[in-house]
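Please consult the sequence and the structure shown here while reading.

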Amino acid sequence: MIKLTFIEPSGTSRQIDAALGTSIMQAATAAGVQGIAAECGGACMCATCHCLVVEAPAAGLPEMTETERDVLEFTSEEMQETSRLTCQIAVAEDLAGTVFKVVGR
Amino acid sequence: MTDLTTCPHSADWSEFRPFEHDGMTEFFARKRAEEPVFFDEGTGYWIVTRRDDVRAIFADPDRFSASNVHDPLTPFPPELVEYLKQEGFRRDKTQANCDRPKHTRIRQVAQSFLNIRQFKTREPQIREMVAAAVDKLRGRGRVDLVDDFAYELPARVLFLLLGVPDIDARRIKTWADSRFNMISGDADFEAKMEAGRQVMDFWNYCGAIIADRQKNPGDDYPSHLLAAHAKDPESISLDEIQNLTFGVLLAGHETTTNAIGNTMHMLLQDRDEWNRLVADPSLAPGYVEEGLRAGPPVVIWRRRAVEEVTIGGVTLPEGAPIMMSLASANRDEDHFACPHAFEGTRSNARDHVSFGYGIHFCMGAPLAKLELKLVLELLSQAFPNMTLVPDSDPDWQRTILVRGPGRLLVDLNE
Ligand code: HEM
Ligand code: FES
């Protein structure tokens, strides 16, 4: 388990426990974080798990695949430098403490 | 006795009637409340009706195998099996009906072409195709929106992905007619044999496309798959390429046709909603989602329990065949307020499961949504006064898995 923080669309900040090996999206939705619809269930198709990385871990986040970049670029209107699809990132020890801002409804 | 001809919605099912349409909504509403997971003697399947349970199954591909997704509901006649074998039909489990780890390998290769970038790049051509289909209706007075419009359009778009910009409409019709009947309909022997002949013809057509693209590569799906094969033959085999090419038409044709039919049927039945769209076509994406939610083209999708599992409090034995009612999940009152109302402004319409969920999530979803959006925009602007012909029978398709009107008669009132 590691701790992650999510800033929900309403502005509320939530710290959650995330189990290693699941995706950040799965950990967040399991903990009831608001604004992550995860419509496609992690298939890298829908961009409804889009978050901005507000505070990155020291070691950085794993690289984006081309598919993730395309989906962000073409599906989400609010893509920014710090955008990520959280279903494409696996929860790992060195991500502890990362802060995400949910880009959702 | 109920008069089914004048009041179809009073059709009261005491048990599941997989081929019928009228009465389905009411039946599942009752089941969700009383017995959300049940065994159906008629089909031999466990039926799952609530959204949470359906999503839980989709989200757990290692315990719920997709291997039965394309299985025929009634066994093929031995003559058909023999015919397909002799003709060299090598249709193996390739994507929708295969499990991890094979599925991961195939999906990765397929998704590097069937993705939002490719779909968006083709948007201008798709818009032209939709506009041309709308133009063909002009001046015709009364038309059948299924046969005269929704039937060909999605196939033309798919052939664009296959690198075939212009395809003979009659050929599409011959291939597609009763294709789904082969696996999910209650067609008779001759109809099944005829479906088999059409399937074989299309299989060979795909083989010919691939042979051609090996010599003349282009910017299309088969060429892209062949390039991946050339780079690393382990990533995808030639037979798998033929299966994927073949599978695209199977996956993306009737589904999108039915999405157009179902959505237009609901929109035209509700004049206020139609007028709202006519007044503001920028609302189209909301109507697309609500149409997919309330009238899913795929009403049932299948899985098989790999081990003993408990779902919705019911324990299913190892190997249990499962039908998830997507139509029921999309009207689950625990998630959608007033689930039976058709509302283009519903805020959570996107939460439907009409494209599945998880690792098999429909690869054509962004394409289908793009087509539907263009269809709603262009049809509503071209024929704002269009009305359904009163009392015309939509002739709902008699297939278990996919559902849409067989006919949608409208007066264009230009
Ligand atoms: C409104 C139209 C459509 C509907 C309702 C629909 C529905 C579905 C559903 C329910 C699945 C199974 C998902 C799962 O098991 O989680 C699926 C899979 C699939 N669809 Fe669609 N589909 C549509 C259009 C298309 C189009 C246009 C294409 C082609 C470009 C397409 C290609 C696929 C493929 C390749 C799969 C298999 C994905 C996999 O197993 O990895 N679909 N679709
Ligand atoms: S959940 Fe759909 S892209 Fe992440």
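The text below treats the ligand first and then one residue from each chain.

The model is predicted: local features need pLDDT of at least 70, side-chain atom pairs count only at pLDDT 80 or more, and totals for chains, interfaces and linings use all residues. Residues are numbered from 1 along each chain as its sequence is written, chains are lettered from A and ligands numbered from 1 in the order in which they are written, and side-chain values use heavy atoms, without hydrogens and water.

**Ligand 1**

Ligand 1 sits in the largest cavity. A cavity is a set of points, on a 1 Å grid over the protein atoms alone, where a 1.4 Å probe fits but cannot get out; a molecule sits in it if more than half of its atoms lie within 2 Å of its grid points. Helices 4 (102-111), 13 (238-252), 14 (254-269) and 18 (365-382) and strand 5 (300-305) of chain B each give two or more residues to the shell around ligand 1. Helix 14 of chain B provides the largest share, three residues. Helices (H or I, at least four residues) and strands (E, at least two) are DSSP runs, numbered from the N terminus.

There are 28 residues around ligand 1, each with a heavy atom within 4 Å of it. His103(B), Arg107(B), Arg303(B), His360(B) and Cys362(B) come nearest. By class, the shell has 17 nonpolar, nine polar and two charged residues.

The iron atom of ligand 1 has Cys362(B) (SG) as its only protein donor, at 2.3 Å. Donors are N, O and S atoms within 2.8 Å of the metal (3.2 Å for Na, K and Ca). Cys362(B) belongs to the loop between helix 17 (326-329) and helix 18 of chain B.

| Residue | Protein atom | Distance |
|---|---|---|
| Gln95(B) | side-chain N or O | 3.2 Å |
| Tyr357(B) | polar backbone atom | 3.1 Å |
| His360(B) | side-chain N or O | 2.6 Å |

Ser83(A) is part of strand 4 (residues 83-85) of chain A. Ser83(A) counts as buried because its relative accessibility is 1%; buried means under 20% relative accessible area and exposed over 50% (1.4 Å probe, protein chains only). The side chain of Ser83(A) has a polar atom 2.7 Å from the backbone nitrogen of Gln80(A).

Thr345(B) lies in the loop between helix 17 and helix 18 of chain B. Thr345(B) has 60% relative accessibility and therefore counts as exposed.

Definitions and conventions: Polar contact = N/O pair within 3.5 Å; in protein donor to acceptor, adjacent residues only side chain to side chain. 1 Å grid on protein atoms, 1.4 Å probe; cavity = no way out; pocket = protein on both sides within 12 Å on 5 of 7 lines; lining within 4 Å. Nonpolar A, V, L, I, M, F, W, Y, C, P; charged D, E, K, R; others polar.
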